[in-house]
Amino acid sequence: MFHLRENSAAAVSAVEADVSGRGTRVGTGQRAARPSTDSLRAPDRRRLYEQLADRLLDYIEVTGLAVGDRLPSERDLAEALQVSRASVRQATVALEVRGTLEVRHGDGIYLASMPDDPGRLMELMTRRHRLPEILEAREALETQLAALAAARRTDADIDTMVKALDAMAADIAEGGLGEEGDRLFHEAVTVAARSPLLAEFMAALAAPIAETRRSSLGEPGRPPRSLHAHQRILDGIRSGDPAAARQAMRRHVKMVADIGLLRWSSPDQP
């Protein structure tokens, strides 16, 4: 109580001083003291889902969850964190990409590995360093495939691409990421290019491409943007314009390159 009264008295004195000060003109050549900025803090520049991912890591540590344990449902997490379920989903996808969580659709969210597991961190950093090369390969291969598809596609190829994007749109409308439709679309472009050797290269990169796809579609607001980007690729291929198809695919791959794993660094790194 003493401190409360002391602080209250100090506050009253400050107010009285402020009021009296308002009635006093600042003399010529005098400058009013600048207000202090000590209490201001720089805003957190991280994206919301990245902040939520850190909260979930803290929750795992505080509650003592073990590998294989189930986390609260997406709905419960959203209520506890006072955010939307979509934001929670983005955070869990980010942690799934890191290998920390496993999201079993229709079942729940499980702890796949401890956040500070040295082996897992090493694996993650290896993937992080490898991603730019994978994205570089994707750009080289898929831009050429798109150009060839624009020159060689059939009506049946176009129908397959349209169906893939319809499936992607339907999944996104239901709150999903549109992964399967995305995969089917790129598969249809590869088929339409009629290049067996390039198709072999794409098949060899199937697993790492799937990683970049999930990482990209897990970014906030990314699924509808990705759908629109795919539509532009389809427009170029449908119109038989190799240059337009190539450019649309290049822009799409550049967007895919903006993923959380490339912005993330190990806690052990400065």
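This is a predicted model: local features need pLDDT of at least 70, side-chain atom pairs count only at pLDDT 80 or more; totals for chains, interfaces and linings use all residues.
**Helix 7.** Select residues 179-193, which form helix 7. Its 15 residues should span 21 Å at 1.5 Å a residue, and the end C-alpha atoms, 22 Å apart, agree with that expectation. Next, colour the buried positions of this helix: Gly181, Asp182, Phe185, His186, Ala188, Val189, Thr190, Ala192 and Ala193. Then move to Arg194, which follows helix 7 and has a positive phi, near 55 degrees.

**The crossing with helix 9.** The crossing of the two helices is right-handed.

**The contact.** Show the side chains of Glu179, Asp182, Arg183 and His186 in helix 7, together with those of Arg213, Arg214 and Leu217 in helix 9; these are the residues through which the helices meet. By class, the contact residues comprise five charged, one polar and one nonpolar.

**Arg213.** Finally, centre the view on Arg213, a residue of helix 9. Which residues does Arg213 touch, not counting residues up to four places away in sequence? They are Glu179, Asp182, Arg183 and His186. Is Arg213 buried or exposed? Arg213 is buried, because its relative accessible area is 10%, and buried means under 20%.

Definitions and conventions
Residues are numbered from 1 along each chain as its sequence is written. Side-chain values use heavy atoms; hydrogens and water are left out. Axes are lines fitted to C-alpha atoms, for helices over the stretch in contact, and angles run from 0 to 180 degrees between N-to-C directions. Helices (H or I, at least four residues) and strands (E, at least two) are DSSP runs, numbered from the N terminus. A crossing is left-handed if the near helix is turned anticlockwise from the far one by less than a right angle, and right-handed if clockwise. Contact means heavy atoms within 4.5 Å. Ala, Val, Leu, Ile, Met, Phe, Trp, Tyr, Cys and Pro count as nonpolar, Asp, Glu, Lys and Arg as charged, and the others, Gly among them, as polar. The expected span of a helix is 1.5 Å times one less than its number of residues. Buried means under 20% relative accessible area, exposed over 50%, partly exposed in between (1.4 Å probe, protein chains only).
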